Each structure stands twice: as structure tokens, then as C-alpha cells.
Amino acid sequence: TEFATGLTQPRVIVRAPNGDLFLTESRANRVRVLRDADGDGKPEVNEVFATGLNRPFGMAIQKVGAQTYFYVGNTDSVVRFKYEVGETKLEGQPEKLIDLPVGGHWTRDILFSRDGKKLYVAVGSGSNVNEGEPPIRAAINEYNPDGTGHRIFAEGIRNPVGLAWNSANGELWTAVNERDLLGD
């Protein structure tokens, strides 16, 4: 059944611990929160949760010490906001953790390790055919939750768009669009 309408380029959905659904609306540069508290398949809350983003795609919720944060993978950065489960609007300015290269494949998915100690960021290549790009591109990058400690986790991945943990063996998986827009 139809759950929500009137969305602008919906891309990724993440579920909060309380069941809220967060949806990136990339073209509108925002994140929306949807809450179906009574389970009837229609959200009682359908509101803009965060604005002022830059083509947001990936999202993650992570507790770091005593503080919980809402992370967003913008096309040019990874930012985080202070967050409390159940909030329907983020207040304050985001903290920029990581600068990312712009252009080319623009989606930036993010995912935390199961123990919460590492943040993985997918960054696609600048084009479908160029060689010699910066190592951060066409790769899955690993960081500490505060954006420090960068290392390349996996490389040679032209356009990693989705990140997920394989529940059977714990491996990090990615969905990859290798050479899109070049025909059959």
C-alpha cells in the first residue's frame, strides 16, 4: 500500500530505534521523518526533519559516548547532528566531520560497524572511465565516528551506492553501479 506521497527524489530510508523512518529527499536537500505510531500503514507524522543539506543520501544513527548523533552523507561531506530518539526536527547546525570530493557519482552512503567503532563511507568515481582519481574515490572509506583515522577499506569500486552488513557472515556488502549511462 502507498505509505507516503508528495516526496522529492526519495532515495534512502533508515529506521530509528523507536520505529521512526527517516527518508532522504536528495533533490530537496532535506531529510523527512515518518512515524506510524498506531501501525495502520499511514504516518501520523510526516515532517521535514533536517534542511540545508547538500544532496543527502546515506544516514546513520549512532551513540558516541553519552551522546547520540544523526549522521548524514551529503555529496560533499559527512555531517552529524546531536539527536534524541523521538525528535521530529533537528535543531542547531551540523558538525562537519569529513570533506568529500564533489562531481561525478554523487551518492554517499554511510554505515557504522556493528560495534559502532568505525564509520564506512561509499564514494563513487568522478566519471565512468577515468583512471588516476584520488584514492578516496571509487572506494569504501573507513573512519572513526568523529571523522578521524581515515583509511581505504575497499577500492576499485566504480560507484558503490548502498552499504549493508550480511547477516549470515558479517561481511560488508555494497550495491555497485559500475558503468551506468553508457548504453547496453
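With which residue does Asp-20 form a salt bridge? In this predicted model, the partner is Arg-35, and the closest N and O atoms of the two residues are 2.6 Å apart. Asp-20 sits in the loop between strand 1 (10-15) and strand 2 (21-25), while Arg-35 belongs to strand 3 (residues 30-35), so the contact ties together parts that are 15 residues apart in sequence. Asp-20 counts as buried because its relative accessibility is 1%, under the 20% limit. Arg-35, with a relative accessible area of 22%, is partly exposed.

A search of the whole structure returns 7 salt bridges, and a few others deserve a look alongside this one. Glu-95 and Arg-80 meet through their side chains at 2.9 Å, N to O. Since Glu-95 lies in strand 8 (residues 95-99) and Arg-80 in strand 7 (residues 77-82), this pair ties together parts that are 15 residues apart in sequence. Here the acidic residue, Glu-95, is partly exposed at 37% relative accessible area, whereas Arg-80 is buried at 8%.

Arg-158 is buried, at 15% relative accessibility, and Glu-133 is partly exposed, at 22%.

Finally, salt bridges also join residues into a network, whose members are Glu-25, Arg-30 and Arg-32.

Methods: Residues are numbered from 1 along each chain as its sequence is written. This is a predicted model: local features need pLDDT of at least 70, side-chain atom pairs count only at pLDDT 80 or more; totals for chains, interfaces and linings use all residues. Side-chain values use heavy atoms; hydrogens and water are left out. A salt bridge is a side-chain nitrogen of Lys or Arg within 4 Å of a carboxyl oxygen of Asp or Glu. Helices (H or I, at least four residues) and strands (E, at least two) are DSSP runs, numbered from the N terminus. Buried means under 20% relative accessible area, exposed over 50%, partly exposed in between (1.4 Å probe, protein chains only).
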